[in-house]
Structure formats: C-alpha cells, structure tokens
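Have the sequence and the 3D view open as you read.

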Amino acid sequence: MVQLAVVNGHGQAVEALRESYAAIPPGSPVRLAKKTSNLFRFREDSTAPGLDVSGFDQVLHIDPETRTADVQGMITYEDLVDATLPYGLMPSVVPQLKTITLGGAVTGLGIESSSFRNGLPHEAVIGMEIITGDGRLVTATRENEHRDLFYGFPNSYGTLGYALRLTIELEPVKPYVWLRHVRYSSAADCAAAIAEITAARSHAGEPVDFVDGTVFGPGELYLTLGTLSDTAPYTSDYTGQGIYYRSIQQRSVDFLTIRDYLWRWDTDWFWCSGAFGLKNPSVRRLWPDQAKRSDVYRRLVALDKRSQFSARLDRWRGKPPREDVIQDIEVPVDRLPEFLEFFHDKVGISPVWLCPLVTRESWPLYPLPQGDVYVNVGFWASVALPPGKIPEYHNRLIERKVAALDGHKSLYSTSFYSRDEFWKHYDGETYGRLKEMYDPDARLLDLYDKCVRGR
C-alpha cells in the first residue's frame, strides 16, 4: 500500500537536500554524510560538510500485483527485504551484506546467487530520481531523455549524482530454500558445471534458483545450489553458534528460511569474522548474536586502520608487513580455471567465493558482454609481502591477470590502474560525456580520482 505520509516526507526531504546542496560553496567537494559504508577505500575523514541523506531510507510503496517497489535510495537491503518478504516477494538480486543500500548497489554494483539468471541489481531498476552533480533533480528511465544517465549510472559510484528514489522489479519467493552443496575436485569441472547449470537453470533434474560457490583449495570446490521450497523437513540456524561456511564442507543438503538464506553470509561476513576470533567457540559464545553482523566487523576494521594497531603489533613481533587483498573480480567462465590456478600460486588466500552472473543488458561503465557467463571471484584477507616488494604487489598482479583474461574488477576497493588503463576498462569516452552533461563544474569527484587516487 502507498504510505502517503512517507511519500510526502520524501518530497520534503528532497527540498531540504537541494537547499543544502545549493548552500555548499562553489569549488567545495560534495560528499554524502552516511553512517555506514561497505567500501574498502579507506581515506582520512573529510572536514567538509556532507549531504545529510538520512531522510532517504524508507519504502514508499510496494505493489504486489505488478511486483514492484518504490523506495528511497538509502534504504538498506535488510530493511527492504523485511518490507517485501511479507508479500512473498524479494528484490531480484539481494547483495550479501545487510547494510548495503539500494542506491549503493545500483551506482556501485552488487551481486549475489540469483545473478546467474537476474544479472546485477541495477538491471531490475525501472526508473531513478537522481540529484545530479549540477544540482538538478532528474528522472532517468530506459526510454526518456535521460536514458544515457540511466545506463551510465551503474558503476559511477556517486560521481554523476545520487539516486534518491528508485522503482524496482521484485520477484516471488517461497518460505524456504533447499540447499545442495556439490563438491568438485578441479576448477575445470566446477567451471563446466557453472556453465551447464546457468544454461539449464537446473541440476540433476531439479530446478535451481540460486548458485554460488566456495573454493577451499585447488582440489576442493563447492557449488551451492538453492531451490525455493514451500516446505522444509528442518531448518538450520547460522545466526548464532553455527557457522554457515563450515556447513558447506560438513553436509551435502541443508534447509534455510528464505530470510536466513539471503543473510547467510552476513553473520560471519563470509568467513572474515575469524579475524576477530569468532571461529573459536568460546569467543563466539561471548560475542552477542546481535553484534554478529558485517557492519560491526567493518567498523572494527576501520578503527584498526585509523589506529594502525595490527600493523604496529606485527612490527613489534618481527613479522613482515602485510598487504590487504580485498577484491571482487569477474572473468569469463572458461577462464576461471586459469585465474584460480594463478591465484592459488601467487596469492594463496582461502576460502574464495564464486558467483556466476549473466548481464541482461549492456552497461557502458562496466562493459561485460550481454548474455555471456562470467564468474565473480571474491577474496578478502591480507597477505604477507615478499621481501623487497612494493606495498601493492599482489593487487597489481591480480589487476594485470584479470585484464589478460578479459575480465573486470569491482571498484569498491583499492585500485592501482594508470589513468589510461582505467578508462580503457571503464569506458572513459562515455563517462566523460556524461560528466560534462550532468556535472560540468566537477562538484562531484571524478571516478578515477575517487576509485584509484582515493580522494
């Protein structure tokens, strides 16, 4: 139903935002003032005032007949899912972490286990209300006069404008998800299975609604196949003492509620909660369940970065310096074995996450060929630097390998491309044209400066 008070509040919030935008002195950078972030481009806190977008985190309308939702751009997926599930609906792609915002997933890309059939979150957007870099409020759709902005907005990371309101497609779900953890002994076999399952949307005669994978080593790879179900003989709980990723190795079949399935990775931030001792049962029992969340861990990491506590402790212990290797990359499915062989040999992080995707349309700033099967590979840890190597040694190796395999990398984390390399990968010509149209005075950061130079 339409929430009139909320819709009216949206209009008031837009006017207040436009006034605060206009009040920022010319030449001053424009940034958002957000309480949470899922980016890993750490920078010094800016002293410049940010735009307060706290009034843009509501659901405006859900239409169960048309299976659409009208929502504000800063709503988190946690709140969005809580609003849609009572109607038996969910967003077509729900990124893994609860505090990712819809607007963030659209402008910065998101992915999850329905991406092999639904592409990326922005592909379910019907229309967007955007405040552009020059302070205009425009509505962008696939067909109207702002269609170039509609298609160029994904992967622009807030450098062309901010989405204040979006209309998105929803899809029907069932109360439970039946999981099958299928093991493969080689990356080649796993890649072949991904291609087959993506094409057929089934495995061993059973329909498949969700696909992702976990790599524990060169000879131990799993695809987790999820099928929506009206019933379940039992449900597992990985929100407390149970650890989801360990269950992948321990059982071949499992059942989760749809909500617990969507947030199965958030409780332990995939497996990164182990850095805080949560693999230890004694520590895990003492850690409150409500604090087993990705945003809590992210704040702890940010605190450590600011204080340099871990780096100082390593120096005191005589350990070599470490390099953060926190990336999501995509390679064509037939190049996945080559990438994993390189990664195991040169980087050595384990586990690694896999997520197949097929884009439904072409998006210029993240130009994956429409209809081709790609596999996202996610890895998030630190690695000891070999003696004499530069601080970004492993990240640069990965960037070069991904480019050689005709892949792309997400820009939520640190990048090291030269300016020419960057724009070759992310369509600098289209971006430059959009920047001139919607932010001619460069009130917002340039995409290269934001994602590579870390400004």
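**A guided walk through the model**

Thr-257 sits in strand β14, which covers residues 253-257. Keep in mind as you look around that this is a predicted model. With a relative accessible area of 25%, Thr-257 is partly exposed, since buried would require a value under 20%. Setting aside neighbours within four places in sequence, Thr-257 touches Pro-175, Tyr-176 and Thr-235. If you want a sense of scale, look from Thr-257 to Leu-32: the two are 225 residues apart along the chain, and their C-alpha atoms are separated by 35 Å.

Next, find Ser-247 in helix α7, residues 244-250. Is Ser-247 buried or exposed? Its relative accessibility is 1%, so Ser-247 counts as buried. Beyond its neighbours within four places in sequence, Ser-247 is in contact with His-181, Tyr-238 and Asp-254.

Now let's turn to helix packing. Two packed helices are described by the angle between their axes and the distance between those axes. Start with helix α6 (residues 187-200) and α12, whose axes come within 8 Å and cross at roughly 145 degrees. The crossing of α6 past α12 is right-handed. On the α6 side, Ala-187, Ala-188, Ala-191 and Ile-194 make the contact, while α12 brings Leu-336, Pro-337 and Leu-340. Sorted by class, this contact has seven nonpolar residues, with no polar and no charged ones.

Helix α12 (residues 336-346) also packs against helix α13 (residues 393-404), at an angle of about 165 degrees and with the axes 11 Å apart. Angles over 145 degrees count as roughly antiparallel, and α12 and α13 are therefore roughly antiparallel to each other. Here too the crossing is described as right-handed, with α12 passing α13. Which residues of α12 and α13 meet? From α12 come Glu-338, Phe-339, Phe-342, Phe-343 and Lys-346, and from α13 come His-394, Leu-397, Ile-398, Lys-401 and Val-402. By class, the contact of α12 with α13 has six nonpolar residues, one polar and three charged.

Most residues other than glycine have a negative phi, and most peptide bonds are trans. The bond from Ser-350 to Pro-351 is cis, with omega near 0 degrees.

Leu-109, in the loop between α3 (102-108) and α4 (115-118), has a positive phi near 75 degrees. Leu-109 is buried, because its relative accessible area is 17% and the cut-off for buried is under 20%. Arg-201 lies in the loop between α6 and β10 (202-203), and its phi is also positive, at about 55 degrees, although Arg-201 is not a glycine. With a relative accessible area of 43%, Arg-201 is partly exposed.

Finally, a look at the cysteines. How many disulfides does the count come to? The count is zero, with a disulfide taken as a pair of cysteine sulfur atoms within 2.5 Å. For Cys-355, the nearest cysteine sulfur belongs to Cys-190 and is 12 Å away, and Cys-355 is in no disulfide. Cys-355 is buried, with a relative accessible area of 0%. Cys-451 counts as buried as well, at 1% relative accessibility.

Terms used:
Residues numbered from 1 in each chain as written. Predicted model: local features only at pLDDT ≥ 70, side-chain atom pairs only at ≥ 80, totals over all residues. Heavy atoms only, no water. Helix = DSSP H or I, 4+ residues; strand = E, 2+ residues; numbered from the N terminus. Buried < 20%, exposed > 50% of the residue type's maximum accessible area, 1.4 Å probe, protein only. Contact = heavy atoms within 4.5 Å. Axes fitted to C-alpha atoms, helices over the stretch in contact; angles between N-to-C directions. Parallel < 35°, antiparallel > 145°, perpendicular 65-115°, else oblique. Left-handed = near helix turned anticlockwise from the far one by under 90°. Nonpolar A, V, L, I, M, F, W, Y, C, P; charged D, E, K, R; others polar.
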